[in-house]
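Please examine the sequence and the three-dimensional structure shown below.

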Amino acid sequence: MSNLVPLYVILPLACAFLIPVLGRFIKGFSKTLLSLVLLLLTILSFHVIFSGLEQPVAYQVGGWEASEGIPIAIYLVLDGLSAFVLLIVSLIGFLATLYSLSYIKRYTAENNFYALLGLMIAGMNGVVLTGDMFNLYVFLEIAVIASYALVAFGIEKTELEASFKYQVLGGIASLLILFAIGMLYWRTRTLNMADISGLLVNSNHGPFMTFTQILLISGFGLKAAMIPFHAWLPDAHSSAPSPISAMLSGVLIKAVGVYALLRLFFNMFALTYEISLVITVIGTLSMVIGVFLAIGQWDLKRLLAYHSISQMGYVVMAVGMGMILMVQGGERSVAALAIAGGLFHMINHAVFKGLLFLNAGAIEYVTGTRNLKMMGGLFKSLPVTTTTSLGASLSISGIPPFNGFFSKLIIIVAAVKGGFYLLAILAVLVSIVTLASFMKFQRYAFFNKSTFSRKIREVPFPMSISMVVLVIFCLALSLLIFPGVREVMLTPAVDVLMETTNYATTITGM
Amino acid sequence: MTVYYMCFLLFLVGLYGMVTRRNLIKIVISFTIMEFSVFLFFALIGYVENGEAPILTRNLPENPVFVDPLPQAMVLTAIVIGLATSALLLAIAIRLYKKYGTFNIREINNLRG
């Protein structure tokens with residue numbers, strides 16, 4: 001098992017290398033290679049989850065064994081939480097690649113597109129797997145530099161401007177994270193997360209560590225586009241080509257933003273009340289402000305991008321509530337419920353927001369516009385896009401039996417049980433505003449009077465099949481509410497976060 | 001300790017430049033200043049008073065004091081990454097200049113955050 005772990009990084013990285021070298025000589029090489037590799041990784045992720053991971057599996061890069069209990073090698077750690085996020089990355093990555101097969105034909109330099117996509121996925125998988133602070137920074141930079149280039153892929157005025165803005169803010173975030181890593185190394189003289197965690201158990205509460213934690217929250221908050229740091233997201237996500245928007249919104253802000261925050265604050269630092277409060281407040285602000293910024297938008301992709309901020313707010317708020325309950329010694333079952341709701345919403349958001357961006361791409365592909373006021377009456381000519389986007393819209397606004405309803409329900413139930421009544425009310429309100437905003441999208445895009453004089457045909461097969469698969473996932477993920485399925489997929493990930501010190505002891509004891 | 005404060009000051013200088021400058025190239029320069037202040041910080045935390053280069057030779061003094069080599073290795077990696085970031089930033093800045101004919105961000109404002 002442990003020998004399979006590096007495949008997640010090696011295979012996409014090898015694609016990113018081989019595609020520019022061989023792609024120009026062999027026709028169709030780039031798309032076949034990348035889609036096959038991502039299909040393989042998706043199957044591998046499903047296999048890992050369904051075969052059940054009892055203990056974290058660690059792979060020591062270079063084969064350096066730990067000496068006297070001090071880890072020397074860079075560790076790649078596969079446990080319940082990372083397997084869960086890897087599944088999201090590979091699944092959405094595969095479907096976005098499938099979608100790109102016909103979508104990306106209107107751009108030049110197809111090979112570069114696939115190479116950059118492979119690089120981005122390699123970076124994200126690395127961030128999810130790594131157990132080493134500096135390695136985290138390196139993989140993070142691989143992922144975000146590829147995404148900077150992909151945002152600018154259209155090289156028109158808006159794309160370039162969005163990419164520059166994204167690079168400046170993303171660069172500041174990376175430097176804050178690097179600075180924080182330096183601070184941690186200064187204090188502990190080690191880079192291994194498990195080792196740092198063991199050393200920090202007793203000396204977590206000084207102003208030094210608080211400063212480091214605040215640097216990390218600002219850095220990863222910028223990457224995850226939480227509310228005070230959100231300015232780059234709507235520009236970058238709406239300017240990128242649509243499959244990339246789906247990757248950025250569906251996966252990148254989770255893998256390099258929220259996942260890294262969760263991993264570091266649960267498994268590396270000892271939880272403190274102040275930090276949990278800050279995380280909950282940031283999540284709540286994102287949830288509320290994001291949706292109000294979204295409702296006035298007329299650019300379809302920009303509307304979806306603002307909703308990403310709001311929906312990620314749900315995830316961060318739920319996990320923050322769990323943190324507060326754990327610190328205050330509240331009921332552990334309620335804390336576990338809140339965290340489970342957050343993680344459940346994370347995979348749901350990846351699926352439905354990925355699907356919505358693919359829908360937006362399909363509409364742009366056939367009509368050439370993203371402005372909702374210029375659309376209308378697409379219902380008859382685009383049956384597949386209409387049905388799938390209806391499913392995704394109902395899912396994001398929390399209508400049963402779609403997955404979004406169940407994860408929001410869990411979050412709200414956990415908030416009520418934990419005594420966070422205000423947050424529960426806010427979550428319901430935001431869900432209603434989301435519904436209103438998506439009704440606007442449905443009405444203006446598909447059901448109003450048609451404004452198009454020319455004939456519009458349905459999108460090509462690879463684009464429609466990936467949308468259909470995603471809408472099936474929107475329905476199928478509702479099954480996660482049932483105990484049998486939940487224990488296989490969700491509970492291992494929640495346990496990793498609940499048993500905060502377990503991670504460190506198993507890794508250092510290896 | 002003073003040298004650490006100076007290093008942090010350099011970080012703030014870079015941040016100030018990024019926030020206040022209006023010229024794309026000057027923003028990139030400020031970003032590089034900020035970046036190198038972090039690299040300098042890494043080099044500083046690896047330094048040990050009166051330490052030597054950590055190379056094992058035949059005639060070592062008794063109880064040798066070595067500087068910490070790990071931050072130096074990290075800085076080398078970070079410099080390479082920083083090179084990639086700066087190159088991409090400058091490439092985009094040049095493309096923007098070709099499209100708009102100016103480096104002034106006041107005039108490059110199609111998008112509103």
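The sections below describe each chain in turn, then selected elements and the interface.

## Basis of the description

This is a predicted model, in which local features need pLDDT of at least 70 and side-chain atom pairs count only at pLDDT 80 or more, whereas totals for chains, interfaces and linings use all residues. Residues are numbered from 1 along each chain as its sequence is written, and chains are lettered from A and ligands numbered from 1 in the order in which they are written.

## Chain A

Chain A contains 20 helices and two strands (DSSP runs numbered from the N terminus, with H or I over at least four residues for helices and E over at least two for strands). Its radius of gyration is 22 Å, close to the 24 Å that the globule rule gives for 510 residues, so chain A is as compact as a globular protein of that length. The radius is taken over C-alpha atoms, and the rule is 2.2 Å times the number of residues to the power 0.38. The C-alpha trace of chain A spans about 75 × 60 × 45 Å along its principal axes.

Of the 510 residues in chain A, 61% are buried. A residue is buried if 20 or more other C-beta atoms lie within 10 Å of its own, exposed if 12 or fewer, and partly exposed in between, with C-beta atoms placed from the backbone. Among the contacts in chain A with a separation of 6 or more, 80% are between residues 24 or more positions apart; two residues are in contact if their C-beta atoms, placed from the backbone, lie within 7 Å.

## Chain B

Chain B has three helices and zero strands, in the order α-α-α along the sequence. Its radius of gyration is 20 Å, well over the 13 Å that the globule rule gives for 113 residues, so chain B is more spread out than a compact globule. The C-alpha trace of chain B spans about 65 × 30 × 20 Å along its principal axes.

Buried residues account for 22% of the 113 residues in chain B. Residues 24 or more positions apart provide 51% of the chain B contacts with a separation of 6 or more.

Helix α8 (residues 207–224) of chain A packs with α10(A) at an angle of about 155 degrees, their axes 7 Å apart. That makes the two helices roughly antiparallel, a term for angles over 145 degrees. The residues in contact include A:F220 of α8(A) and A:G257 of α10(A).

Helix α7 (residues 193–200) of chain A is mostly covered, with six of its eight residues buried. The buried residues of α7(A), among them A:M193 and A:I196, pack against α5, α6, α10 and α20 (502–508) of chain A.

## Contact between the chains

The contact takes 27 residues from chain A and 27 residues from chain B. On the side of chain A that touches chain B, α5 (133–151), α6 (157–188) and α9 (232–239) each supply at least two residues. Helix α6(A) gives the most to that side, with 16 residues.

Definitions and conventions:
Axes are lines fitted to C-alpha atoms, for helices over the stretch in contact, and angles run from 0 to 180 degrees between N-to-C directions. Angles under 35 degrees count as roughly parallel, over 145 as roughly antiparallel, 65 to 115 as roughly perpendicular and the rest as oblique.
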